[in-house]
Structures are given as structure tokens and as C-alpha cells.
Amino acid sequence: MSEIAAKYSPVDVESKWYNYWLENRFFHSEPNEKKSYTIVIPPPNVTGILHMGHMLNNTIQDVLIRRARMLGYNACWIPGTDHASIATEAKVVNKLKEEGISKFDIGREKFLEHAWEWTRKHGGIILEQLKKLGCSCDWDRTKFTLDDDLYNSVIKCFVDLYNRGYIYKGYKMINWDPEAKTNISDEEVIHKEQNGKLYYLKYHIVGDNSYIVVATTRPETIFGDTAVCINPQDERYTFLKGKKVIVPLVGREVTVIEDEYVDMEFGTGCLKITPAHDVNDYKLGKKHNLESIDIFNDDATLNKNGKQYEGKNRFIVRKEIVEELKHLNLLEKEEDHINKVGTSERTGAVIEPKISVQWFMKMKDFATPALEVVMNNELKLYPERYKNTYKHWLEDVHDWNISRQLWWGHRIPAYYYGEGKDEFVVAETREEALIIAQKKNPCLTLENLKQEEDVLDTWFSSWLWPISVFNGINEPDNEEIKYYYPTQDLVTGPDIIFFWIARMVMAGYAFRNEKPFSNVYFTGIVRDKQRRKMSKQLGNSPDPLELINKYGADGVRVGVLLSSSAGNDLMFDEDLCLQGRNFANKIWNSFRLIKSWNVDTTKKIPAENKGAIKWIKNKIAQTITLVNTDFKKFRISDSLMNIYKLIWDDYCSWYLESVKPPFGEKIDSVTYNDTLFILEDLLKLLHPYMPFISEEIWQNIKERETHNSLIVATYPSASIFEENIISEFEKTKEIITGVRNFRSEKSISPKESLELIIKSKDALNNVEIIKKLANISGVQHNLESQQPVYTFLVGKTEFAIPFSQAIDIEAEKNKIQEEINYLQGFLKSVNAKLSNDKFINGAPEKVVEIEKKKQSDTLEKLAILEENLKNL
């Protein structure tokens, strides 16, 4: 043990103890005879860096895992990262672009070499940053979604689901991201309100000199128009039935069709139909057998069907085509219009609906058990309100679009052996594919097989995460999957409830016929004091590592936890990290105080110390019960606040003051040893939240063997506590505070002894503590005291302190009279309410009771003040 530093230094302490925990493999888990407690990390993007959302999410996970470890569970926290196909590929493409290289020029294999190089250079930084936060992950088990075993798991699942009839290839309308140049699922589309225009275009009627007006927000799509639709109930357009109109600029004659889908109140009641570029138009096109004309290239420039606008960006074309329509007198008018626009969750690009051949997975069969397990509370969501969100999505679940037009990811294991769209086989390997294909054509060789170019949606690997990290797909009966699965708690954000949570539950039932975890705790979004979401773009998000350097990891952990409650947005304020650092300093200084005491083994324990020890032990027992209840309900912030108050208020401010020896004197050994035992219990409670300072103090209390480190110490168990001892000490605090307030008001030195009078026959507990902390020379019961006194109430009991000759009696009388006048005025307003029949009969009973309580309390205070004034 080294000499205790005068000031707590997080920088020195944090690296020392984290390395110590790693060296002694305290984070590592292997199956054993203990009950497992398992958490899988929501895998961040492999090239991601730590932000405030990660800080909150991973601090909560670490609190859960450290507490479970101390409770005797075999705690296992699996870390890892996600390959993030769209995001990572976009970064690599941009890097190559800066070097003048196109991914298509160098080909798939060479591109993947660059992608792996990028991943090795930038990947895993966030995991190293989590170590600075104190995260006690089992780093030996770190996983990456493109690791060989995880890659094989994904391929195996795809083949299995295909063979079971759940995966198919289909020609459907999809969401095309023109920046990433891939399709994305419905869940990856974010709909944003944008200010736009509604353009009213003239469509001339064939064989007639007149025209109709059609309103559209996207005039550039007229090149794909193949019909105009009216509602058959719309009497304004009866004359159009059976006729054709001419698409402006294009010159194409298209049929006027009828369908009740058309909203007669929107625009003009005439709807242009572009089946290739609108979801609803696509459905109408199929229903009415319309031609579908694709007008866009993959980068959202117009193709040859865009005629003179070929090669131009869609938004530039919009501006130019409006000008041309105006010039040709084909634009009736334009007006401002707020429109909901679909954007890519990954790139922010405006989504282009597009008809495409893609791979899909049927979801309805898997949705049923995944919904039931949540609705019957076998799998619990915290806060519970997210059950409705979860239920709504699963009841209306669509087939999952699982293919992506990318190279970075899990390549779809489909092998084409001919030119026909259905001439393919699905198998885990090329060799297995050949065996299947040769049943269709014996002449085929490996060279005849061409593998699907597309990769799978990132979430198709993530949905297997709780299973694949234990190799439960490749080896369904291995020791680890049977021991660690199902996992216990998952901590994540509600924004991925569909992407990830629901799909993991589905995968659990699809591949192991059981839920993947028991509880899901949803954190809120981290916002600033102005309620804005923290982001790089706004510049309102602090650098988490800078916060750790400034306040220490423990201080930052306390800061994010104190501002967070389950499912509610976190209003982050850096002052809370300062509060966390101050808390660490308070704990450190209290420990230094204890270690500064000299012990006298012959000295008897004073009565006040006995009472204080008895009280603090009961208070700790009560807090343990409260904290255990908080954890059952996932009120992590509340649990920390209960421990914070216990240490700062009860232990530091009251207990240590009660037992510390007078200046220059020694402390008895019973009190000293009990104080250290009490401190050890407090450190055990504190450790999950503030692991570094708690381990530092723990190791400085006395010499300890490695296996006696705080990280693996036994968490304090709940025990019976005496409520009356706790409540009596609360009364003791109020009495001492009352005396201290008197000293402060009258500028009386703390060194000057005072006398305390109790105007009651009730027995007074903790007298010796009151005498010590309030510097009271004597306590007496005196119901009839007529001398000038200062009075205060604690509960229903009146206490008095005699005035000394130094007190200005006249000034005190004036002060009491002022208070009497104020209370009389207050009582008058209360009496007016209570004498008003309308209020008595109309107000809720509880409100009336509150007013009656105000009346009785005020009368009681007035009686005491008037008695005091009489005595003066």
C-alpha cells in the first residue's frame, strides 16, 4: 500500500486499475458451475468513434455486468463491431475517388482488399475508447460480423431459410439510395417534411383542343408517365372516361384510367401515373396492366428515356423542366407545398422508388412467436410503452428486402448456371452448389457457376448476433451456446427496435426456438440543454474522451447516469460531470479523514458512536433494498441517486461527523473498525457506477490478495432494517439543523454552547449526538418555560433555545410580529376558500384536505409565535 495522495488523480488511477483488471483476467468468462449472466454489446460500426449515445449505453451495460459479477454470476459481456456495409463501403469508395480510382475499374476482389485495409486501419477504435470509460467487456471474445465463423453463420442461415421456403427472389418496387447505389429496406427510410412546390401541368386531350390540369411535386418524372387516373365518382371528369391525353414535352399518348384510389380533394383530382417511380403508382400499374418506364440511372441522373435531359441530375432537371414547361405554356401554376420526402437513414440521400429484382425474406411466420413473447411479458421491454411500438410493427410486418447492391458484406450464396432468371441454385459453397446444379445439367463445371453479385443487408448478420457470437449456428449444441444463451439483458436505443430488436427475437425462435434475451432496456436520445439531439453537424456534442480527461471516467459515468431515466431523452449538461467529479473528491477526502485518525485500543466506544453506527447500518440496509428494487425495474439512474445520497449526505455529512474524535484526540478501535467495514459496504455498492475510485480506496484500506479485489467482491445482500431507528435519526438531523439555523440567524459561534429545551414529555433519542453536533450543553424538558426563547418545530414537537443577554429582544419581538402578521394574512386567504361553499362542493376532496391542513398548521404556528411573543 502506498501513501494516500492528498488529491484524487483519475488519470493515474484509471490506467493502473484497468490494466490490473485486464492482467488478472477479471473480465474473462468461461462456462462453469455458476449461473451465467450475459450481455451482448449492440455492435457499433467498425469504423465508428465514441459519441455521447455510446457513453450512455455502455455505461449502463457496464453497471449491469459489474453488479452481476459481484452478485456471484459468471458475468460475460461480449464486445464486437459491425461491418456496416453501406457506411463502410461509402468511406472506401470516397477514399478511392480522392485517389482517382473507381471501384468498378479495379473490380470486386481488389476493392475488398482496400476495404479490409481501411477496416484494419480505422476499425476497432471505438472498442479501445470504451476501455477508457471502464467497460469490463470480455475482450478475448471480441467479434466482428465478417469474422469467418460469423460469416459462415450468415451463409448457413440464408441457405436454411431458402430451403425452408422463406427466402425468394422477386421483382418489386424498392427504395433506391442513389448515393450508396443500393436498395434499402423500408425501415431504413426516414421520412422528413420538406418545403417544396406543387406544379400544375397541362395534359392536352387527344382529338380535342382542350386540356386537363394535373398536379405533381415531381415534374421530372413525366418521362415515365403511362396513364392519368381519375376517381370514377368524380363528376368533374366524366367527360374524360375512355379518352387519352398527351404527356407534356414527351408527346406520348396515354390512357385515362379510373380508380377510387384517387383523392378527389388533392390537387386537381387528376393523378399522373408513373409505375416505375412511385409505390402507389406501381400498384395501380399492376392493377391496370400499365407499361412501366424506368427513367433513372443508378445515380439518379436521367437515362435515355429522359430525352434531352439524359445524364442530368434529377433535381437540376426539375428546375430546367419547369422553365421549359413555362416557355411552352404547359405550366398552369405552381404553389408552395410541404411534402414528406423519404431519405436514406445511412447517407441522407433522397430515396428514389424503383422497380428491381431483389432478394426477399418472408417474415409473418417468424413475427407470431416474436410478438407473443413480448405481449405475454416473457420478454420485457423497459419502458413498457414500447410494447405498442413493437406490436404495431410486427402486426403489419412486410417481407424483408435483404439484398444490397454492394461488395462489402456477406455475399449471397446463390450460383447462376444459365441465362434464365430462375437458373440458379443456393448452397453454402460453390462445390455444394455444383452438386445441386448438376442434377439439372450434368455437364456443368465449377467454371460455369457465377455467384450472385449482391451482398446481404447488414442487419441480416446483426439479427443473429446473440447466437452467432457463441457459434450457435455452426455448432448448435456446443457448450458455450447452451451455457450463455439465452442472454439476460440488452441495452439499446429505441430507434433500432425494428431493425434489430424484433429481428433478433425472430431469429431466436427461427434457429433455437427460444427468446434471445429476457429484458430490453431502451435508453433515450442524448440531447443538449436546448433539447436538440447531439450531433457533429450541430456542433453541440462534446468529445467523450475530452470529458473523461477533464472529469475522470467515474465523474463522466455519474454525469450521464444522473441525467438519464429509462426510455426518456437525456438532457446532458456538462455540470453533471462536474458533480460526478466532486462526488469522487468527496469520497476521497472522507477516506483520507478516516485514515488520519489515530486509534486508542483502550478507549471505550462513546454512546454517540454506538447510535451513529446502528443508524448507518440500518440506513445502508434500507438503501440496498431500494437499489435492488430499482434494478428489478431498470431504474438505473434512481439506483445511483439512492447510493449518492447515502454516501454524500448520510455517510459523509452525518455519520463521519457523528463519530469523528474531537480535535487532538484518538478514536476507539470499535468505531474505527466498524467505520472501515461500513466504508467497504459502501464501496461495494458504488463500484458498478464508479469502478476506478472505488477499487483505489478498497485497495488502500488494507493489503489484499488479488482474488479479494473489489471487482470480484461479494455484493452486499439485503437484510432486515429497523425503520424506527432511521426515522428517529431523521428527527435528530432536523433538531441539529434547527439549532444550527438559530446560530446562523443570530451570528452565534459554533464554539458557544447552548441549552436545548423540549416542550414535550416525549423521550428524546440520540441525545449524545445532538449534544456533539449542535454543541448543546444540556437538554431539559420544560413545558412551562416563560423565559425568552427561540423556538422551532420538528414534527409535532416544539423545541426552544433560551436567548442570551446578547440578543436584541426588541428586534426579536419585531421579527416575530412580522411573521405573525404574514401568517394571519395567509390564514385569512385559506379561511376564505374554506368558507366558500362553491369551493368546498366543487373542488376535489384531496384539494380541500390540503387547504384544511394548511389551516391547522398555520393555527399551530401562530399559537407558538404568540406564546413566544408573550414570553419576550
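User: How far does helix α9 reach from its first C-alpha to its last?
Analyst: This is a predicted model, where local features need pLDDT of at least 70, side-chain atom pairs count only at pLDDT 80 or more, and totals for chains, interfaces and linings use all residues. Residues are numbered from 1 along each chain as its sequence is written, and side-chain values use heavy atoms, without hydrogens and water. Helix α9 has twelve residues, 364–375; helices (H or I, at least four residues) and strands (E, at least two) are DSSP runs, numbered from the N terminus. The expected span is 1.5 Å times one less than the number of residues, and α9 comes close to that expectation, with a reach of 16 Å.

User: Within what arc do the buried residues of α9 fall?
Analyst: F366, A367, A370, L371, V373 and V374 of α9 are buried (under 20% relative accessible area; exposed is over 50%, partly exposed in between, with a 1.4 Å probe and protein chains only). An α-helix has 3.6 residues a turn, so residues three or four places apart point the same way. The arc is taken from the directions that run from the helix axis to the C-beta atoms. Seen down the axis of α9, the buried residues line one face, because they fall within an arc of 160 degrees.

User: Which elements do the buried residues of α9 pack against?
Analyst: Contact here means heavy atoms within 4.5 Å. By that test the partners are α6 (148–163), β14 (352–361), β15 (380–382), α10 (386–395) and α15 (497–511).

User: How are α2 and α17 oriented to each other?
Analyst: Axes are lines fitted to C-alpha atoms, for helices over the stretch in contact, and angles run from 0 to 180 degrees between N-to-C directions. The axes of α2 (residues 52–70) and α17 (residues 553–562) come within 10 Å and cross at roughly 100 degrees. Angles under 35 degrees count as roughly parallel, over 145 as roughly antiparallel, 65 to 115 as roughly perpendicular and the rest as oblique. The pair is therefore roughly perpendicular.

User: How do α19 and α20 run relative to each other?
Analyst: K633 sits in the loop between α19 (607–632) and α20 (636–659). The two helix axes are 9 Å apart, at an angle of about 175 degrees. That makes the pair roughly antiparallel.

User: Is V206 buried or partly exposed?
Analyst: V206 lies in the loop between β7 (189–205) and β8 (211–216). Its contacts are K244, V245, I246 and E253, leaving out residues up to four places away in sequence. With a relative accessible area of 31%, V206 is partly exposed.

User: What is the relative accessibility of A84?
Analyst: A84 is found in the loop between β3 (80–81) and α3 (85–98). Its phi is positive, near 50 degrees, in a residue other than glycine. A84 counts as buried, at a relative accessibility of 1%.
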